[in-house]
Amino acid sequence: MLNIEGTKISSGKSMLVVLCLVIGTIIGELIGIEKGFENFGEWLKKKTGNSGDTYFVTAFVTASLTVSIGAMAIVGAIQDGLTNDYSTLAVKSVLDFIIVAVMTSSMGKGAAFSAIPVFVFEGCITLLARFLSPIMTETAVLYLSLIGSVLIFCVGINLVWGKKLNVANMLPAVLLAILAAYVPLGF
């Protein structure tokens, strides 16, 4: 959104961010993505024998979103799908391990189970990128990275000030960002 050109800072793509986040969040709220994450977390909590852990689901959802929706996760999976270069995902895996280890020690065991949705999410993006590689453009990847970065900022808000935003419900904004790259209107 912000570009440094010489000694000036300029902004752009703010309408893209607003439209993708608003429409994507409405879609996510209607579908109930956040509730799905929470239900899966509750199921995992019971199946893993952690029924007494009151923070299990919160740790699971927070860690899952933190490591799933960043620019490296999305762009790395797309890079793997388009060019068979998994180097970004390999570096991200090491970083995710450290992040999840810290989150597990501070939030509880639920954070460790974030590997499940990360694997599914990044795997689906990689497969989708392989399927869409003939029509994927640099602009689509840039828009997707921009929205992914905004979503990571939203996860940070939740980490600092407690859960204020249903970030999982904002995930459709990522798909809308890709679609926006093919709309003839300039954002």
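## Starting at a pocket

Helix 5 gives the second largest pocket the largest share of its lining, seven residues. Keep in mind as you look around that this is a predicted model. Helix 6 joins in too: helix 5 and helix 6 each supply at least two residues of that lining. The space in this second largest pocket comes to about 310 Å³.

So who sits around it? In total, 17 residues line the second largest pocket, and the closest to its centre are Ser93, Asp96, Ala115, Val118 and Phe119. Sorted by class, the lining of this pocket has nine nonpolar, four polar and four charged residues.

Side chains of opposite charge can pair when their charged atoms come close. This structure holds four salt bridges. Which residues are linked in a network of salt bridges? They are Lys92, Asp96 and Glu122.

Take the Lys92 and Asp96 bridge: its closest N and O atoms are 2.1 Å apart. The two residues are four apart in helix 5 (residues 87-107), so about one helical turn separates them. Lys92 also meets Glu122 in a salt bridge, at 3.0 Å from N to O. This second pair reaches between distant parts of the chain, with Lys92 in helix 5 and Glu122 in helix 6, 30 residues apart.

Are these residues buried or exposed? Lys92 and Glu122 are both buried.

## A bridge between helix 4 and helix 6

Another salt bridge brings together the side chains of Asp80 and Arg130, at 3.7 Å from N to O. Here too, distant parts of the chain are linked: Asp80 belongs to helix 4 (residues 71-83) and Arg130 to helix 6 (residues 115-132), and they are 50 residues apart.

How do the partners compare for accessibility? Asp80 is buried, its relative accessible area being 14%. Arg130 has 40% relative accessibility, so it counts as partly exposed.

## The largest pocket

Rolling a probe the size of a water molecule over the atoms shows where empty space is left. In this model, the largest pocket has a volume of about 390 Å³. It is lined by 21 residues, and the closest to its centre are Phe121, Ile125, Leu171, Val174 and Leu175. Helix 2 (33-47), helix 3 (56-68), helix 4, helix 6 and helix 8 (172-180) are the elements that give two or more residues to this lining.

Which helix gives the most to the lining of the largest pocket? That's helix 6, with seven residues. As for class, the lining of the largest pocket has 20 nonpolar residues, one polar and no charged ones.

Last stop: helix 1 (residues 14-31). At 1.5 Å a residue, its 18 residues should span 26 Å, and the end C-alpha atoms are 25 Å apart, which agrees.

Now for where helix 1 is hidden. Its residues Leu16, Val17, Cys20, Leu21, Gly24 and Gly28 are buried. They cover an arc of only 110° around the axis, so they lie on the same side of helix 1.

Terms used:
Residues numbered from 1 in each chain as written. Predicted model: local features only at pLDDT ≥ 70, side-chain atom pairs only at ≥ 80, totals over all residues. Heavy atoms only, no water. Buried < 20%, exposed > 50% of the residue type's maximum accessible area, 1.4 Å probe, protein only. 1 Å grid on protein atoms, 1.4 Å probe; cavity = no way out; pocket = protein on both sides within 12 Å on 5 of 7 lines; lining within 4 Å. Points joined across faces, edges and corners; volume = space filled by probe spheres on them. Nonpolar A, V, L, I, M, F, W, Y, C, P; charged D, E, K, R; others polar. Expected span 1.5 Å × (residues − 1). Arc of directions from axis to C-beta.
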